[in-house]
Amino acid sequence: MRRRYTVASAMVGALALIALAGCTTDPNVAAPSEDAGATEEAVEWFDQELYDKQYAERSVVPEGPEGQPWLQYINAEMTDTSAYASTGAKKACFANASISNPWRTTGWITMNQQLKVLQDAGVISEMETRDAQDSDDTQIADIDYFIEEGGCDIFLISPNSTAAMTPAVERACDTGKPVVVFDRGVQTDCPVTFVHPIGGFAWGIDTAEFLIEELEPGSKVVALRVLPGVDVLEQRWAAAEKLFGENDIEAVDYFTGADPAEIKKIISDELAKGDVDGIWMDAGDGAVAAIEAFEDAGVDYPVMTGEDEMSFLRKWKETGLTGLAPVYSNFQWRTPLLAAQKIFAGEEIPKEWVLPQSPITAEEVDQYLEANEGMPDGHYAKFGGEDLPGYPQVWQDRIIP
Amino acid sequence: MSAVTTPQPTVGQRLAGFGRTLISPRGAVFLLLIVLLIAITLLNPSFAEPSQFIRFVQRVAPVAIVAIGQYFVIVGGEFDLSMGSVVTAQVVIAGNLIGQDESKSLPVLLLMLVFGAVIGLINGLIVTMLKVPSFIVTLGMMLALLGAILYWTGGAATGNPADGFREIGRGGIRDLPVIDILPWSVVVLVVVLALAIWFGRRPFGRTIIALGDNPTTARYSGTRNWWVKTSTFIISSLSATVAGVLLVGYAGVHPSVGRGYEFTAITAVVLGGVVLGGGRGWVVAAAAGAFALEALFTLLNFAGVPSTYRDAVQGAIIILAVAYSATTLRARRKGRALEAPTPQISPDPSSDPATQTSPAPAEEQDAAASARPAPIPSTQRADNETKGGS
């Protein structure tokens, strides 16, 4: 008898914990965070140097071909790749962190269409992909598999987390084959190039400056954050929080797991407490639910920043609210394969390939809505695949390769 | 019924009895709920306004309905971990199949109910026929459904269904006095809860509890165990379907809607004093558990607990509440009745250990008394379990 209750109590405790984990761990977005990095240096996401760098990069006119932002770069220091120059079709090996959120699936579709172009051009013979499903362990195993028996000519890596993936990336570099890292970074400069948009601080600066300009001092902003511990997301908030604090904007932040039901509850409670003047989001997923909470409560729309996801752009247009759609450039998924092409051609490429990243403003929203008509709600307006084969059908049907 | 012919208790006795029920394991959840609601009201008095409160009930409705479904599975001695992904699947089905065409609402709704029932049937048959533990079967079902959703949607839903369909979860009867709006969700919740109470008192409902308490006895007494157990899974999947219909209205389509609902529901059920492993519990308390969980969430919102340690606070309160109900229950079963000063003969059937199974008053006592003379059978069952018997 006694044992039965002990077991029951233990199970209950375990379940309660799992329940909480279930509420907060978001399989939708990225990684279980960089525990290593976070615990070592007491969690401080704000980095003045990086903030200043990204602040400046926002106003730099990127170099590179006009109309092809995925090939443009900001303040680049070029690196010589003639050592890798080689003819013939090459095998690319892609260690992907996951395709578990709409942003990543959109990019993944674009990447595969880009692959087709390069296959037809005889640059890439095939791309073997391993999906780590948001797990550091799996991705380390994936990279080691590629090194040992992949027969790879080039490694493309979209790291799941920064600190944990660094040694595996270094092992890949040690093979002497070119390595291209994109999206999240690693703590080594051994890859030939690291491709990424300007970054999280730039997002935070763009959005916070917009809200500060549109709102009176002393206004209240509710910040909806997906989950803690992922550097690109934490940096967005770190920059915004700093600016809100400096400009007399009262900001409260919540973790939502991007779950619209959760978002709606949070906004309803905040509206019950008092006026909410602005909504800030670190990712646009679930923006529509936040707007609907204002509708249901029968109050005026807030000033709001979402993302370039179609659902937000459509709701923005429909409601006519004052908004801004920050962009974490989805077209970056094309760049690693194009970098591979340049590497095998021996052309010089940026060592750190900073892609342009500019928000969609109220003046531009119509243009992007029109360009992406018929795309699903989870599609990202700045996906940059308009000139690829299969457009628009492949993105409309959202065929996951 | 006829057994209770004792003199009418005085108001004082009634209050004392009510107080005792509140601190008893079965009442603990109501005590917690009352404390939370009072705390919320102190922080934000407008919460107590009827129009605000009804909105709160509307928001709890989906979780409460899932908890009610989970109650039947748990009290029957199993788990259903697939409920959350059934909710997600139904939300995505509604979004993809109805689209902007309101005329499809009814056929798709029927399809969703059939789909829910089929999922429950599969879960139940694998558990009963192939003798696979439900924890594993439903865990597998959860993953299978989530994978199917990802495959189908490509990680992004096509969009919300027609507004007419969403009205069920989002709208209600408007312009009412006092409460301003009566959300359809609240109506649905009341109907589901009433059905659950009624069903729990029917012979079939009693059989579920008997099965959870002691499957061997249940089999000897002529129960078709496989069908009773399978039906609990069908009930839980159907309740997840109803919750999905409400959620697609309330929140909209997103692959994360419904995520974690199975554990929220299990926590709510346990918070409601339902014993994991089956045989004991009250469906109303399970629903109250869901209300307490949501009230806790709201309290933390109103209290402005920083997001970074909000989950820790929430978890600690849940563990304390569950531990409280577990210890009082154990104390009572050892004879140190915490809430019953006169443990031997109590005219109030609700304080009799034998009637833990159900809220039903005297008639329940009769049935329980004839079926189970004392706590002894449970002891035997524990022995059976440790020997791996039955």
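Helix H7 (residues 200-214) of chain A lies across E7, E9, strand E10 (303-305) and E11 of chain A, and runs at about 175° to E10(A); helices (H or I, at least four residues) and strands (E, at least two) are DSSP runs numbered from the N terminus. Helix H8 (residues 231-246) of chain A packs on the sheet and touches E7, E8 and E9 of chain A, its direction making about 170° with that of E7(A). Axes are lines fitted to C-alpha atoms, for helices over the stretch in contact, and angles run from 0 to 180 degrees between N-to-C directions, while contact requires C-beta atoms, placed from the backbone, within 7 Å.

The model is predicted, local features needing pLDDT of at least 70 and side-chain atom pairs counting only at pLDDT 80 or more, whereas totals for chains, interfaces and linings use all residues. Residues are numbered from 1 along each chain as its sequence is written, and chains are lettered from A and ligands numbered from 1 in the order in which they are written.

The open sheet of chain A has five strands in the order E8-E7-E9-E10-E11, with parallel pairing (two strands pair if DSSP finds at least two bridges between them). A:Val222 has A:Ile279 in E9(A) as its bridge partner.

In chain B, the pLDDT (the predictor's confidence in each residue, from 0 to 100) averages 81, and 79% of the residues score at least 70.

| Stretch of chain B | pLDDT | Contacts beyond near neighbours in sequence |
|---|---|---|
| residues 1-5 | below 50 | six contacts |
| residues 336-390 | below 50 | 70 contacts |

For the complex, the predictor gives an ipTM of 0.75 and a pTM of 0.79.

Notes. Contact = placed C-beta atoms within 7 Å.
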